[in-house]
Amino acid sequence: MNDFTAPFASPQPEPAATPRSRAALLKRLADVVCLPASRINAFERAMTADLLVEMLRDAVVGEREKVARRLANLTEMPGVLVRLLLRDELPVARALLEHSPNLSDADLISCLYNSTQDHRRLIALRRGVSEVVADALVDMDETAVIETLLKNELVRFSHQGLENIVASSRDNPQLIPLLLKRAELRPSHAYVMFWWSDSEPRRTILQRFAVSREILQDAVGDVFPLASAEGWQDPLSRKALQFIERRQRNRAAIAKSPYDSLEDAIAAAQAGMTRETAEEISYLSGLKPMTGAKIFTDPGGEPLAILCKATGLPRGAVRALWRSLRRPETDAAGAPTPGLERVLTAFDTIAVDRAQTMLRYWNWSLSSAMTPALLKAIREGDEAAVDEYSVPQRAAMLALSRDFAR
């Protein structure tokens with residue numbers, strides 16, 4: 001026998017009339033393959049499938065499609081037939097991909113690696129696409145296929161597969177609204193995706209993913225005095241408790257700062273934000289300078305509102321920071337600019353505790369997770385090694401890769 005699963009060399013032209021004997025023989029062979037186990041043994045079924053494959057390789061598309069439709073409801077289809085028909089032209093493969101519920105993950109993965117994007121979109125439309133098949137489709141990096149997957153509510157995504165789509169959304173913003181509708185999306189994904197989202201997705205992230213830490217605070221309230229009595233010597237518990245605690249401002253930074261308070265530093269910045277002033281505002285706000293720099297250079301400006309709300313600053317501080325960054329406050333008619341209005345609305349709608357959650361996650365992921373190995377990976381674009389890093393480190397890799405690009 002020849003290679004039964006080899007692709008068709010070229011489409012066969014449709015004849016004016018298919019010979020009746022060929023049509024009848026193809027139908028009979030398909031009928032035999034479909035016989036129940038009580039009527040045919042495995043060897044007989046395999047032999048018939050081999051003969052059917054030999055005929056199908058030289059049959060026209062219409063004939064192959066009829067056979068595929070006949071086999072679509074078969075519980076156990078011979079693998080040689082599945083591989084041949086799934087790699088066939090779209091009308092033939094569609095008969096199985098749309099109507100056969102019994103295709104294995106191995107069959108689908110073989111198909112998606114050896115066929116066209118249209119085949120992959122049909123796979124993405126199937127009911128109950130498994131994690132392994134979804135991961136393989138995502139790895140093909142075809143935006144249209146990923147969109148189809150995200151719209152399919154019955155697809156199951158692995159954590160890594162979803163994280164790969166989040167990374168892809170950086171260059172394909174049309175994926176962001178679809179991602180935000182997925183129940184599997186975690187706050188860690190949303191917080192890092194925030195940085196390259198437009199205003200509408202950002203509003204959704206603030207409403208849905210800016211979560212409270214009240215349960216955590218109640219659960220570990222008695223741990224704070226224990227850690228304090230030990231002098232905060234354990235770095236692991238100190239880092240976690242810093243994320244959970246209610247106080248956002250860094251009181252210890254006041255003693256070292258040239259400014260009397262965070263408000264004083266922001267007032268000084270209105271004359272023009274300098275690197276030194278930005279660093280002082282960051283320190284006083286309980287942030288690392290890298291996190292502050294990301295906030296101050298964000299084009300949309302919503303992180304400014306989150307910074308102000310989290311640190312207990314008044315609404316006017318948002319305007320002050322906006323002014324310090326030389327952003328337009330009013331248009332030609334004297335009305336507030338849409339950008340400033342949007343940022344002020346974000347300030348008005350987010351609660352203090354939820355703003356602190358976002359701010360601390362950013363600070364955790366964008367600074368404290370910056371190990372030398374991660375920094376090297378960011379600069380080299382080494383996202384393939386993402387499994388080596390923790391959740392905050394991966395968030396930093398996604399959010400800062402372009403800031404560190406060389």
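The lining of the largest pocket divides into 9 nonpolar, 7 polar and 8 charged residues. Here Ala, Val, Leu, Ile, Met, Phe, Trp, Tyr, Cys and Pro count as nonpolar, Asp, Glu, Lys and Arg as charged, and the others, Gly among them, as polar.

This is a predicted model, in which local features need pLDDT of at least 70 and side-chain atom pairs count only at pLDDT 80 or more, while totals for chains, interfaces and linings use all residues. Residues are numbered from 1 along each chain as its sequence is written, and side-chain values use heavy atoms, with hydrogens and water left out.

**The pocket**

The largest pocket has a volume of about 690 Å³. A pocket is an open set of points on a 1 Å grid over the protein atoms alone, where a 1.4 Å probe fits, with protein on both sides within 12 Å along at least five of seven lines; lining residues have an atom within 4 Å of a point. The volume is the space filled by probe spheres set on the points, which are joined across faces, edges and corners.

The lining counts 24 residues. Nearest the centre lie Gln-242, Phe-243, Glu-245, Gly-286 and Asn-363. Helix α16 (235-244) gives the largest share, 6 residues. α17 (251-256) and α24 (352-368) also supply at least two residues each. Helices are DSSP runs (H or I, at least four residues), numbered from the N terminus.

**Core and helix packing**

The largest nonpolar core has 109 residues. Such a core is a set of buried Ala, Val, Leu, Ile, Met, Phe, Trp, Tyr and Cys residues joined through side-chain atoms within 4.5 Å. Buried means under 20% relative accessible area, exposed over 50%, and partly exposed in between (1.4 Å probe, protein chains only).

Leu-71 and Met-358 have the most contacts inside the core. Beyond its neighbours within four places in sequence, Leu-71 touches Ala-30, Val-33, Cys-34, Met-77, Leu-81, Leu-85 and Leu-96. Contact means heavy atoms within 4.5 Å.

Leu-96 is also one of the buried residues of helix α5 (residues 90-99).

Helix α22 (residues 315-324) buries Ala-317, Val-318, Ala-320, Leu-321, Trp-322 and Ser-324. These residues pack against α18 (262-269), α19 (275-284), α20 (289-296), α21 (302-310) and α23 (338-349). After α22 comes Arg-326, with a positive phi near 60 degrees.

**Salt bridges**

The whole structure holds 18 salt bridges. Each is a side-chain nitrogen of Lys or Arg within 4 Å of a carboxyl oxygen of Asp or Glu. Three of them are tabulated.

| Pair | N to O distance |
|---|---|
| Glu-98 and Arg-94 | 3.4 Å |
| Glu-184 and Arg-182 | 2.8 Å |
| Arg-342 and Glu-302 | 2.8 Å |

Arg-342 is partly exposed at 24% relative accessibility, whereas Glu-302 is buried at 3%. Salt bridges that share partners join Arg-202, Asp-298, Glu-302 and Arg-342 into one network.

Glu-98 and Arg-94 are 4 residues apart in helix α5, so about one helical turn separates them. Glu-98 is partly exposed at 43% relative accessibility, and Arg-94 is partly exposed at 29%. In the remaining pair, Glu-184 is partly exposed at 23%, but Arg-182 is buried at 5%.
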